[in-house]
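Biologist: I'm new to reading protein models. Can we walk through this one together, step by step?

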Amino acid sequence: MTGSTAASFTADDYRARMERAARTAAAAGLAGLLVAPGPDLVWLTGYTPPAVTERLTLLVLAAGQDPVLVVPALEAPDAQKAAGAPALALRDWTDGKDPYAATAALLDASGRFGISDNAWALHLLALQRAMPGSSYTSLTEALPMLRAVKDAAELELMTAAGAAADATFEEIRNVPFAGRRESQVAADLDRLLRRHGHEQVDFTIVASGPNGANPHHEAGDRVIERGDMVVLDFGGLKDGYGSDTSRTVHVGEPTDEERRVHDIVREAQEAGFRAVRPGAACQDVDRAARAVIAGAGYGEYFIHRTGHGIGVTTHEPPYMIEGEERPLVPGMCFSVEPGIYLPGRFGVRIEDIVTVTEDGGRRLNTTSRELVIVE
């Protein structure tokens, strides 16, 4: 986490997060949580190890006991500087010692634990050897909503990240498109996101002409031509919190069909946004957007979910997809991004990050959703 983000949260903020995580784990029938380096550790403690190596770093959380961060001794000085360090105990270990035995001493040897999705198999298998009676489940499976509801300070950071992405779009629409490679425009997006405060750029999709029919096309060497639809999808982390927005532009004047397809996607995106309200199911957002596209005869060409959560990562629960009955709660943040993808021809996607409010939803991206003409 960058210094500016760490300064936004206090040790008390991190203490409250760790306490809530431990309580939630206990309510889910778990003996505790084991959090490896990654987004969960950053969110819970403010600590990012200087390097992710084979040496064990693990946050141990369990209801009724103080949080403990098991950390290599050579990295302990860095861990002590983390904003959340005053809210936990450090247990360091030196090379040549067994960190798994030290960790096992903190745990119920027959307990079931939630463990970070990105924990190394090396560490999980060693813990199982140290505690043969223990069992494990992935943190996302056990506590999918752990980070889903943002507090006021987090929402401020999310709003600022969205504004930075919007500023990037307002500038990118004025750069030359025709005659340049997709990769060149993608480099412009990367540069602009960083200029507007992003410390990390996760993706810069520039999908022109027939490439637009691939939702996750990676910008390549194709030269953008006049007459192309171009899907732009870009985002990353600003002060530790995510941005993600998509707009579809056209190089020169579009055809009537291209305008019609864009209008359908815009109407679907609006319908998905209008479905956002506390108590609605996540799948209601998907259904609302999908109904517009299906009703216009393009249902088979909308080939992905309508949205995904976002926070300290750019993709996380909850997901706006059929079958997800989890209710929306104020403070949740997620994308609403329907699309139509016509193989071999073109694609259209429009995406905003939305947060749930007490009486509906609020967009964190506010640039025009009309079809923008570029040169």
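Predicted model: local features only at pLDDT ≥ 70, side-chain atom pairs only at ≥ 80, totals over all residues.

Biologist: How many helices and strands does the chain have?

Modeller: Both are DSSP runs numbered from the N terminus: helices are H or I with at least four residues, strands are E with at least two. Counted that way, the secondary structure comes to 11 helices and 17 strands.

Biologist: Why is the chain called as compact as a globular protein of that length?

Modeller: We compare its radius of gyration, taken over C-alpha atoms, with the globule rule, 2.2 Å times the number of residues to the power 0.38. For 375 residues the rule gives 21 Å, and the chain is close to that, so it counts as that compact, with a radius of gyration of 23 Å.

Biologist: In what order do the four strands of the open sheet come?

Modeller: Two strands pair if DSSP finds at least two bridges between them. Strand 7 (198-208) and strand 17 (372-374) each pair on one side only, making them the edge strands. The pairing is mixed, and the order is 7-8-9-17.

Biologist: How many bridges join strand 8 to strand 9?

Modeller: These two form a hairpin with two residues between them, and D239 in the turn has a positive phi of about 50°. One of the pairs is L232 with R247 in strand 9, and another is V230 with V249. The strands run antiparallel, and the number of bridges is 10.

Biologist: Is strand 8 mostly covered or uncovered?

Modeller: Buried means under 20% relative accessible area, exposed over 50% and partly exposed in between, using a 1.4 Å probe and protein chains only. With 10 of its 10 residues buried, strand 8 is mostly covered.

Biologist: At about what angle does helix 9 run to strand 7?

Modeller: Axes are lines fitted to C-alpha atoms, for helices over the stretch in contact, and angles run from 0 to 180 degrees between N-to-C directions. Helix 8 (residues 152-172) runs at about 25° to strand 9. Helix 9 (residues 182-195) lies across strand 7 and strand 8, and its angle to strand 7 is about 155°.

How values were computed:
Residues numbered from 1 in each chain as written. Heavy atoms only, no water. Contact = heavy atoms within 4.5 Å.
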